Amino acid sequence: MKRLAMAVAVLLLAGCSSPSEKIAGEVVSCESILSSATENSIMLDCLDGTDGASINGIKGPAIINVWGSWCGPCKEEMPILRSFYEKAQGKLALIGVDVEEASIGDGRKFVENYGITWPNLYDADGKSRAYFGMGVPVTWFIAADGNVAYKHIGVIKSEKELISMTSKYLGVKL
């Protein structure tokens, strides 16, 4: 009888909890990315299929987050990036770079499922490795002059950490 009562209580409590809210993302254009191409540019397409940008020509202040839909830690940091982006819009650019995908559709589905609303470049053939190196997630902080101010390897663990790095390396206060 105790087990039955316990099972009923668990079901009732579960029924009263609010369903997890899914935030829809959108594959957006990369036209807002400020980038200048040179002879040595590493050009990537936009995840939406249009022209992208030169990743080594991006002007800041900007944060470049390198991710893959298959990457568990990348999934963990997306809610942090999403919340950060709400506060950072208009103060700096947030740009994603989707790497090592089986297909462009996998990256697009990831963007939609994880509530991403900032521009994302797509590296179809691994040419960004020369610039970013191997492994994800990696987050780059790009200064106004286009120089790399800082490279964070691994998961960003909190929005507070991301805001702190943004202030320290880019001088942008949120």
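**Aromatic pairs**

Me: How many aromatic pairs does the count come to?

Reply: The count comes to nine aromatic pairs. Rings of Phe, Tyr and Trp (its six-membered ring) pair if their centres lie within 6.5 Å; planes under 30 degrees apart count as stacked, over 60 as edge-to-face and the rest as tilted.

Me: Why is the pair of W67 and F110 called stacked?

Reply: The ring centres of W67 and F110 are 4.6 Å apart, and pairing requires centres within 6.5 Å. The planes of the two rings stand at 25°, and the limit for stacking is under 30 degrees; the pair is therefore stacked. This is a predicted model, in which local features need pLDDT of at least 70 and side-chain atom pairs count only at pLDDT 80 or more, while totals for chains, interfaces and linings use all residues. Residues are numbered from 1 along each chain as its sequence is written, and side-chain values use heavy atoms, with hydrogens and water left out.

Me: What makes the pair of W67 and F110 tie together parts that are apart in sequence?

Reply: W67 belongs to strand β3 and F110 to helix α3, so the pair ties together parts that are 43 residues apart in sequence. Helices (H or I, at least four residues) and strands (E, at least two) are DSSP runs, numbered from the N terminus. W67 and F110 also form one aromatic cluster with Y114.

Me: Why does Y169 count as partly exposed?

Reply: Buried means under 20% relative accessible area, exposed over 50%, and partly exposed in between (1.4 Å probe, protein chains only). Y169 has 24% relative accessibility, and therefore counts as partly exposed. Y150, at 26%, is partly exposed as well. By contrast, both W67 and F110 are buried, whereas E31, at 74%, counts as exposed.

**Helix α5**

Me: What makes the span of helix α5 close to that expected?

Reply: The expected span is 1.5 Å times one less than the number of residues. Helix α5 (residues 159-170) has twelve residues and reaches 16 Å from its first C-alpha to its last, close to the expected 16 Å.

Me: Which residues of α5 are buried, and how do you know on which side they lie?

Reply: E159, L162, M165, T166 and L170 are buried. They cover an arc of only 125°, which puts them on the same side of α5; the arc is that of the directions from the helix axis to the C-beta atoms. The face turned away from the buried side carries the exposed residues K160 and K168.

Me: Why are β2 and β7 said to stand at the edges?

Reply: Two strands pair if DSSP finds at least two bridges between them. The open sheet of seven strands has the order β2-β1-β5-β4-β3-β6-β7, with mixed pairing. β2 (53-54) and β7 each have a single partner strand, so one side of each is left without a neighbour in the sheet.

Me: How do you know that β6 and β7 pair?

Reply: Five bridges join β6 to β7, and pairing requires at least two. The two strands run antiparallel, and the bridge partner of W140 in β7 is K151.
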